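Here are my notes on the model, as numbered points.

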Amino acid sequence: MTSVVIATDWVRLLVICVFFTGAAGAVLWWARLASPRPVVRAAVRAAVQLAVVSAVITVVLASLPLTAGFLVLMAAVATWTSAARTKTGRRGVWVGVAILGGTVPALAALVLSGLVPVKGIALVPVGGILIGGAMTATTLSVRRALDTLRDRHGEFEAALALGFTEAVAVRELVRGPAGEALLPALDQTRTVGLVTLPGAFVGMLLGGAPVWQAGALQLVVLLGLLAVEAAAIAVVVELVARGLVRRTSPQGEVRLT
């Protein structure tokens, strides 16, 4: 009887996953926003990756060296993803500096304060949340900064003509647009509990933790994300200003690739 129930649950899971993937692809196609292919590829990739992680995570969490290695792998994949999304080619390795610039100090502060124990079961999820937030902020801020340099090139040239150095001129142009990458994190923090109930909070509740403890952890995570993403954006501005992050090819229309 138990096996029948489990099989039924898997069928339901498969059906709803296919439904959501198909709905997303159909909306993109119907609204002529983009091809549905990236959605399908992302869904298949997510399923495979989660299956692999589910198979190895028990072993990883039981070993601190393996936990550290897994966190390094997370950071490497985040760097590669951000570099690919921003089309910065080999220079994209520099986005890793932005991702780690806030993540490492934040995770260290959580560990040293005792809020996050030195155990894989705590380090991997918290580290993953921080790395993921830094990756998103880095990608958005790099794209906005480089788009601004392309679209406002005349203002950049005018600033140089007025005697500004290249780095100062770039900073003046890209600070505002790059800073907008923090808006999603700000909105999530401002509306938590009213609009959204983030994963850390829900996960602890489902695990049987007291409501106050779940809320306290979620608050720490949200504020940590703000600090990490703000640091990532600040580093991006400096990297762009110093010419270390640039696109390798001209950008046409924005595509979901």
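Before the points, one term: a salt bridge here is a side-chain nitrogen of Lys or Arg within 4 Å of a carboxyl oxygen of Asp or Glu. Arg150 and Asp151 form one, with their closest N and O atoms 2.9 Å apart. Also keep in mind that this is a predicted model.

1. Overall make-up. The chain has 10 helices and 0 strands, so if you read the elements from the N terminus on, you get α-α-α-α-α-α-α-α-α-α under the DSSP assignment used here. Of the 257 residues, 32% count as buried. The accessible surface comes to about 15400 Å², and carbon and sulfur atoms account for 71% of that surface. As for contacts between residues at least 6 apart in sequence, 70% join residues at least 24 apart.

2. The main core. Which residues touch the most other members of the largest nonpolar core? They are Leu149, Val170, Val174 and Val240, in a core of 26 residues. The elements giving two or more residues to this core are helix H4 (95-113), helix H5 (120-151), helix H6 (153-161), helix H7 (166-179) and helix H10 (211-241). H10 gives the most, with 7 residues.

3. Leaving aside residues up to four places away in sequence, Val170 touches Leu149, Phe156, Val240, Ala241 and Arg246. Apart from the core of point 2 lies another one, of 17 residues. Its members include Ala75, Ala122, Ala134 and Leu225.

4. Salt bridges around Arg150. The structure holds 9 salt bridges. Besides the bridge to Asp151, Arg150 meets the side chain of Asp147 at 3.8 Å, N to O. Arg150 and Asp147 are 3 residues apart in helix H5, so about one helical turn separates them. Asp151, at 56%, counts as exposed.

5. A link across the sequence. Arg246 forms a salt bridge with Glu166, and here the closest N and O atoms are 3.8 Å apart. Arg246 lies in the segment after H10 and Glu166 in helix H7, so the bridge ties together parts that are 80 residues apart in sequence. Glu166 is partly exposed, with a relative accessible area of 44%. Salt bridges that share partners also join Asp147, Arg150, Asp151 and Arg247 into one network. Take care with the numbering here: Arg246 is the partner of Glu166, while Arg247 belongs to the network.

6. The aromatic pair. How many aromatic pairs does the structure hold? There is 1. The ring centres of Phe19 and Phe20 are 5.6 Å apart and the planes stand at 50°, so the pair is tilted. Phe19 counts as exposed at 51% relative accessibility, and Phe20 counts as exposed at 53%. The 51% of Phe19 sits just past the cut-off, because exposed means over 50%.

7. Positive phi values. Two loop residues deserve a look. Arg32 is not a glycine, yet has a positive phi of about 55°. Arg32 lies in the loop between helix H1 (2-30) and helix H2 (37-61), and at 78% relative accessibility it counts as exposed. Lys87, also other than glycine, has a positive phi near 55°. Lys87 sits in the loop between helix H3 (64-86) and H4. Is Lys87 exposed or partly exposed? At 26% relative accessibility, Lys87 counts as partly exposed.

8. A side chain reaching the backbone. Thr191 is found in helix H8, which covers residues 183-191. The Thr191 side chain reaches the backbone oxygen of Asp187 at 2.7 Å. Thr191 counts as partly exposed, at 26% relative accessibility.

Conventions
Residues numbered from 1 in each chain as written. Heavy atoms only, no water. Core = buried A, V, L, I, M, F, W, Y, C linked by side-chain atoms within 4.5 Å. Buried < 20%, exposed > 50% of the residue type's maximum accessible area, 1.4 Å probe, protein only. Helix = DSSP H or I, 4+ residues; strand = E, 2+ residues; numbered from the N terminus. Contact = heavy atoms within 4.5 Å. Phe/Tyr/Trp six-rings, centres within 6.5 Å; stacked < 30°, edge-to-face > 60°. Areas by Shrake-Rupley, 256 points an atom, 1.4 Å probe, with all protein chains shown as cover. Polar contact = N/O pair within 3.5 Å; in protein donor to acceptor, adjacent residues only side chain to side chain.
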